Amino acid sequence: MISWMWLIPALPFASALLLVLFGTRFSRRAAAAVGVGSIGLSALVTILVAASFLSAPPAGNSYTQVLWTWINVAGFEPQIGLYLDALSLVMVLVVTFVGFLIHIYSAEFMIEDEGYSRFFAYMNLFVASMITLLLANNLLLLLLGWEGVGLCSYLLIGFWYRDPANGRAARKAFIVTRVGDSAMMLALFLLFTSLGTLQIQDLMQRASEQWHLGSTYALAAALLLLGGAVGKSAQLPLQVWLPDAMAGPTPTSALIHAATMVTAGVYLIARTHVLFSLAPAAQLAVAVVGAATLLLAGFSALTQHDIKRVLAYSTVSQIGYMFLALGVGAWQAALFHFVTHAFFKALLFLGAGVIIEALHDEHSIFKMGGLRKEMPVAFWTFVMAGCSLAGLPFITAGFFSKDLIIWETWSAQGGHPAFWVAGMVGALLTSLYTFRLIFRVFFGPLGTPVTKRPGYAMTIPLGILAFLAIVGGYLKEPLLGFLHSALPETIEARVGGLTETGSEAIAGLLFLVGLYFAYLFHLQKRNLADSLVANPVGRALHQWWFADWGFDWIYDKAFVQPFTWVANVNKSDFVDGFYTGVARLTELFYRGLSSTQTGRVRWYAAGMAAGSVLFVAMVLFL
Amino acid sequence: MFSLGLTGLLVRRNLIFVLMSLEVMLNAAGLAFVVAGSRWHQADGQVVFLFILAMAASEVAVGLALVLQIYRRFKTLDVDALSAMRG
């Protein structure tokens, strides 16, 4: 049963190929059947593989399936091989299952768009690439999947290509992540030249044998890998692409830019955790990046108008939590948060999609309102997901996973009280912006009237995900225990000063504080929020946060404008100038010589005579 | 005599005269050969003159035929008027 593993990426890839080649001849129903069905089958195979993995764990708690050798050049021998262990199994389960739900949803969501089969082809290719990334047994195959998901992300952000703004957003996403990818490729070169292999497991073993703790090589490799992860996972300082990536269709945002692709960085770091353990400085950098990102993105989320941009910043912030957890050495906690985040963030995006479609493409939360009675299904699922995101104590999944991370930042070996404070402030911000969203959209007077209601294909995935967003928290103990076979135990170093229950109590309190302030500013006294922005300091802060702390502005000044300036200066290529000059000179000679061709025979004869005289004179006198 | 022929070739505009000047130049060349032959007591000069005569005869035949054709087509024998092959 476990040897069917190759089917998990192969099925979506085959259907993507089918849809690319024959998609235009399929009816919408057939395209949806192929696109959704392949992911469904893939999810089913994953569940079967997981069942056999759990019931009869293979030796060493991992299973490798080598399909064929990819290249064989001078000792460089990457394979097309799949590697299954607890870490990749959990990720693949989430990707296929959540992916399946989102595909069902998009079968209805996209029904009126042209390019229906194109959409499913891209989505299937994305799922196939993502699974390749997760199951790869060597870093080169991982890179293939990594670039594959980047490509699909680009294609899907620019899916509605008739609007140039979407194309611009797609290019931005692609170029910014490329910065990270370059760092990652450098990491691969470094690892291969110094350790001589790209097989992940061999690599980890050799690294721990050959490199001592804190060695420069390990530090460089870990930092370069972090660069790759930062690009893909939209962390500081490369987070600028994710909010713009919301230009794509909403199911895309849910699947790629919330639940799965952006967590590839988390997976990469968890997969190469040995390197990070060898380089404490790099691990500290991971934690700092995570903490800084979660705060910055949290503040930015507070100021956005567009419902999808609020959620995008929230995603950046939550992935910041995962990075923070990885940085302090709480590997399992990061993965646990990934699972719960995939559930509730996918749900939030799908809910947002329902609302946006119902309100005829209205994105601004300030033009929404009073949808609680109008759209009960969307309301209740959105509230559940929102509570899970904000961490409603004791009953939601998000509470368990986030508070585990916050607690580990205090107690784990790499933890520090400053990280704990950052996590707590982040929790407060999360609660604030989540309930700001909920109160603005669902409460208060009716804003834009509802024109379209979702069908079952959209509400059923919402329901399932809402269920998971609540009960996902009870997976905590089994999931953490399961992951022990693939990831090292979190080392508890700091005891005293604070207990886990105490930390959770504070987090719960901050949730309530956030809820109260959101209620105060965005439901009870809405003019209070306006008066906050009215004074100059408030206005400046609001503008600054709204513009994502000016990162776009800095990048524009530092990179985009010099580049366009150089391009403008060199528009008429100066190398070309030389060759144009040669052509001009030749043309001049040609015109001069052609004017001597008068057609008068006597001139020619005179020329010949003069030439002969000259020639004879030269022979005689020189 | 050669210079005389050359001048005629360059100055006259009538094709017939041009051809005649050409003949003068050929004869000049032939005369030069004969004189050179008698000066160094060689028979080669006279042999070459015979060749030149034969060549001149055939050249005149072809040349006159072309002149006739040109006259029929353009109704003129002015060489400067026949400059259609200007570059």
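Is Arg271(A) buried or exposed? Select Arg271(A): it is buried, with a relative accessible area of 5%. Here buried means under 20% relative accessible area, exposed means over 50%, and partly exposed lies in between, with a 1.4 Å probe and protein chains only.

**Before you go on**

This is a predicted model, in which local features need pLDDT of at least 70, side-chain atom pairs count only at pLDDT 80 or more, and totals for chains, interfaces and linings use all residues. Residues are numbered from 1 along each chain as its sequence is written, chains are lettered from A and ligands numbered from 1 in the order in which they are written, and side-chain values use heavy atoms, with hydrogens and water left out.

**The whole chain**

Show chain A as a cartoon. Its secondary structure comes to 27 helices and two strands. These are DSSP runs numbered from the N terminus: helices are H or I with at least four residues, strands are E with at least two. The C-alpha trace spans about 115 × 60 × 55 Å along its principal axes. Chain A has 622 residues, and 55% of them count as buried.

A salt bridge here is a side-chain nitrogen of Lys or Arg within 4 Å of a carboxyl oxygen of Asp or Glu. Side chains of opposite charge can pair when their charged atoms come close. By this rule the count over all chains is eight salt bridges.

**Second stop: a network**

Select Lys172(A), Asp244(A), Arg309(A) and Asp552(A). Salt bridges link these four in a network. Look at Lys172(A) and Asp244(A): their side chains meet at 2.6 Å, N to O. Asp244(A) is in helix 9 (residues 241-244) and Lys172(A) in helix 6, 72 residues apart. Now turn to Asp552(A), whose salt bridge with Lys172(A) has its closest N and O atoms 2.8 Å apart. Asp552(A) sits in helix 25 (residues 551-569), 380 residues from Lys172(A) in helix 6. At 30% relative accessibility, Asp552(A) counts as partly exposed.

How many cavities of 30 Å³ or more does a search of the whole structure find? It finds three. A cavity is a set of points on a 1 Å grid over the protein atoms alone where a 1.4 Å probe fits but cannot get out, and lining residues have an atom within 4 Å of a point. Points are joined across faces, edges and corners, and a volume is the space filled by probe spheres set on them.

The largest cavity has a volume of about 60 Å³. Select its lining: Ala390(A), Gly391(A), Phe399(A), Lys402(A), Asp403(A), Ala427(A), Ala507(A), Gly508(A) and Phe511(A). Helix 18 (397-411) and helix 22 (500-524) each supply at least two of the lining residues.

The second largest cavity has a volume of about 50 Å³. Its lining includes Tyr154(A), Phe174(A), Lys232(A) and Met261(A). Helix 5 (139-157) and helix 6 (164-195) each supply at least two residues to this lining.

Zoom in on Leu236(A) and Pro237(A). A cis peptide bond joins them, with omega about 0 degrees. Pro237(A) lies in the loop between helix 8 (216-232) and helix 9. Ala234(A) lies in the loop between helix 8 and helix 9 as well. Phi of Ala234(A) is near 55 degrees, a positive value in a residue other than glycine. Most residues other than glycine have a negative phi, and most peptide bonds are trans. Ala234(A) is buried, at 0% relative accessible area.

Next, select His360(A). Its phi is also positive, about 60 degrees, although it is not a glycine. Find it in the loop between helix 15 (331-358) and helix 16 (371-374). His360(A) is exposed, with a relative accessible area of 65%.

**Last stop: a loop residue**

Select Ile111(A), in the loop between helix 3 (86-109) and helix 4 (116-135). At 38% relative accessibility, Ile111(A) counts as partly exposed.

Key. On a 1 Å grid over the protein atoms alone, a cavity is a set of points where a 1.4 Å probe fits but cannot get out, and a pocket is an open set with protein on both sides within 12 Å along at least five of seven lines; lining residues have an atom within 4 Å of a point.
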